[in-house]
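Hi,

Here is the structure I promised to pass on. Have a look, and my notes on what turned up in it follow below.

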Amino acid sequence: MPELPEVETVRQGLRPALEGQVITDVIVRRRDLRTPVPDDFEERVRGQKVLGLDRRSKYVLVQLESGETIIIHLGMSGRIRIEEGNPPEPDKHDHIEFMTSSRKCIRFGDPRRFGFVDLIEEGGVDLYPSIVKLGPEPLSDTFTSAVLLQALKGKTTTMKAALMDQRIIAGLGNIYVNEALYRSGISPERKAGNLTKTKAALLVEVIKQVLTEAIAAGGSSLKDHRQTDGELGYFQHSFKVYGREGETCGQCEKTEIKRIVQQGRSTFYCSRCQQ
């Protein structure tokens with residue numbers, strides 16, 4: 001599933017194509033996505049000027065002049081493509097299409113239909129069911145070691161599980177949790193409530209660093225992720241532990257990277273470097 005860097009990459013790719021443009025037409029070819037597309041979606045969006053694009057966790061937010069907001073979630077296999085001029089015929093998985101005043105065509109496609117496109121009424125973004133319980137944005141100034149320690153206080157769950165909890169930190173997923181824990185020398189099996197102030201400060205710094213590097217690399221393309229121009233992300237070439245089971249740890253150069261399963265997801269770590 002695309003994580004924060006992949007979604008931020010998509011947002012940045014959409015900005016020059018959508019920001020300041022009028023959505024001249026909307027075509028919904030399939031409404032039965034994870035969240036059904038509203039029946040009046042086309043009517044409410046058509047003719048609206050796009051004022052800006054934001055991101056909250058793994059959601060792209062398109063702000064309209066009406067005050068309403070289009071929310072987009074890519075699910076596991078969703079993609080957004082920008083076509084110029086006369087676009088080619090849509091494929092069978094292109095469910096929603098936006099045409100702009102600059103003659104660009106933005107297509108949302110999703111073979112598995114786990115993603116969705118919805119419309120939020122004015123003033124309702126923070127109350128939207130998928131957003132209301134989200135924790136702080138990890139790249140924001142509000143995400144500090146003190147905030148993290150408070151969120152982890154008394155937690156008996158593992159560090160891996162805690163960092164995957166969107167109520168604690170918004171936008172992190174399996175890939176970047178693995179990488180952040182490795183770089184900060186924290187075992188994924190360590191109890192979250194036992195994190196020290198020193199380690200918390202390091203972890204916050206590392207999370208910001210890993211996410212920033214991944215965004216600069218266009219995200220990680222393992223299966224479905226593509227940038228809006230169709231190009232692959234390449235942060236996967238910088239993985240230190242993710243997917244490297246059996247390889248020698250690049251830090252201690254003595255221990256093989258191990259893989260265990262936590263909450264149904266693969267965890268990769270070095271048992272020597274991560275305590």
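Phe41 is buried at a relative accessible area of 0%, where buried means under 20%, exposed over 50% and partly exposed in between (1.4 Å probe, protein chains only). Before going on: this is a predicted model, where local features need pLDDT of at least 70 and side-chain atom pairs count only at pLDDT 80 or more, while totals for chains, interfaces and linings use all residues. Residues are numbered from 1 along each chain as its sequence is written, and side-chain values use heavy atoms, with hydrogens and water left out.

There are six aromatic pairs in the structure (rings of Phe, Tyr and Trp, the last by its six-membered ring, with centres within 6.5 Å; planes under 30 degrees apart are stacked, over 60 edge-to-face, the rest tilted). One of them is Phe41 with Phe98, edge-to-face at 6.2 Å centre to centre and 65 degrees between the planes. That pair links helix H2 (residues 41–45) to strand E6 across 57 residues (DSSP runs numbered from the N terminus, helices being H or I with at least four residues and strands E with at least two). Phe98 is buried too, at 7%. Tyr176 and Phe235 make a tilted pair, 5.9 Å and 35 degrees, and both are buried. They also belong to one aromatic cluster with Phe239, Tyr242 and Phe268.

Strand E6 also holds Asp94, which counts as buried at 2% relative accessibility. Its side chain makes a 3.0 Å polar contact with that of Arg81 (N or O atoms within 3.5 Å; within protein, one able to donate a hydrogen and the other to accept it, and residues adjacent in sequence count only if both atoms are side-chain atoms).

Cheers
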